[in-house]
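Colleague: I am new to this structure. Could you take me through the terms used for it?

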Amino acid sequence: MAIEPLVDGHGRRIGDVRVSVTDRCNFRCQYCMPAEGLPWLERAEILSFEEIERVVGVLAGMGVGDVRLTGGEPLVRRDLPRLAAMLRAVPGVRELALTTNGYLLERDAAALVEAGIDRFNVSIDSLQRDRFFAMTRRDALPQVLRGLEALAAFPQAHPIKVNAVAIRGFTEDEVIPFAQFAREQPYEVRFIEFMPLDADHEWTPDAVLSGEEVRAIVESRWPLVEVPREAHATARVFRFADGHGSLGFVNPVSEPFCADCDRIRLTADGRLRTCLFSLRETDLRTPLRAGCSDEELTEIVRDAVWRKELKHRVNEPGFVQPERTMSRIGG
Ligand code: SAM
Ligand code: SF4
């Protein structure tokens, strides 16, 4: 049967869903969570693996073939490899990816690779232990690096991306060490601009260290050459001109990529979000638990996606930060 694609009211075809499997986290990154954590969702509020599988199945049936598991910290959800294996078996799921802080990767890398996850992003904001501690409020860099190594031992897990949030006053000193890391290790390091999704509401436009600024620091040492952008890619990728590795720049604030956005998000409590910065969301959990049919679920999703926001308004006067923080949305 031909797939009727999932499209929004601006003509964009949706192909990618980020699935948050938990709002909980074992880190407290300054740009995401408050030091004391957040009130966690109750167990019963969180979608079961079977409910997630059902939603992913309905989405995949509309051509949403790229699925990324995230959170909170996805690896704190018990039995995550079992969910990964369930989703891998869903017809229409093309690529299954995971974003993690890496703390539990040493324990789980083998099981996740075996379950069929084919893309991994590991978030690391500093390669210096004390500065990593300052940013994440956890003294965990050695553990995370061991996790990254455990993952890197699997050839099928490559290419592995390492994500660093770029914040003015912090990241400038990290740029050269990260560039060196990307040149020496088999990872693509990506710098992500700081977005107004932090629980502490410390974000200001000035705190955004732009991708261009980071790139200028790198180019003061090593020339870079841009690689043609893939469709729907959020990152601009550059390779080192001398052939030693590459770097990515995800610039949602200074160079919004909304016009080409093909993604939606499912929160751990079963809300569909059509933009990171959405102020409204659509409850899928209630109809799911009320026994709705796949056709009914499809219609609810199509209706929500039709109203997907044209663009984010971070750079406009009157921008309103969503109530949910990044950890409760699923980045
Ligand atoms: N806990 C996992 C992790 O840290 O990789 C997955 C969830 S985390 C919310 C997903 C990504 O969002 C991470 O790479 C994190 O650095 C990024 N992130 C969190 N808050 C952010 C913010 N305010 N601006 C930009 N990126 C942010
Ligand atoms: Fe946790 Fe990831 Fe948020 Fe850091 S960015 S607090 S690791 S959810």
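Modeller: What follows concerns a predicted model, taken one term at a time.

Colleague: Why is Thr325 called buried?

Modeller: Its relative accessibility is 6%. Buried means under 20%, so Thr325 counts as buried. Thr325 lies in the loop between helix H9 (294-306) and helix H10 (326-329).

Colleague: What does Thr325 touch, not counting residues up to four places away in sequence?

Modeller: With those left out, Thr325 touches Cys32, Leu38, Leu197, Asp198 and Ala199.

Colleague: What makes the pair Thr325 and Ser327 a polar contact?

Modeller: Their side chains are joined at 3.0 Å, and the cut-off for the N or O atoms of such a pair is 3.5 Å. Ser327 also belongs to the residues that surround ligand 2, as do Cys32 and Tyr31.

Colleague: How is the shell around ligand 2 divided by class?

Modeller: That shell has 6 nonpolar residues, 3 polar and no charged. Gly counts as polar, so Gly72, which is one of the residues around ligand 2, falls in the polar class.

Colleague: How much of ligand 1 does the protein cover?

Modeller: The cover is 95% of the 540 Å² of accessible area that ligand 1 has on its own. Strand E3 (95-100) and strand E5 (160-166) each give two or more residues to its shell.

Key: Residues numbered from 1 in each chain as written. Chains lettered and ligands numbered in written order. Predicted model: local features only at pLDDT ≥ 70, side-chain atom pairs only at ≥ 80, totals over all residues. Heavy atoms only, no water. Areas by Shrake-Rupley, 256 points an atom, 1.4 Å probe, with all protein chains shown as cover. Helix = DSSP H or I, 4+ residues; strand = E, 2+ residues; numbered from the N terminus. Near = heavy atom within 4 Å. Buried < 20%, exposed > 50% of the residue type's maximum accessible area, 1.4 Å probe, protein only. Polar contact = N/O pair within 3.5 Å; in protein donor to acceptor, adjacent residues only side chain to side chain. Contact = heavy atoms within 4.5 Å.
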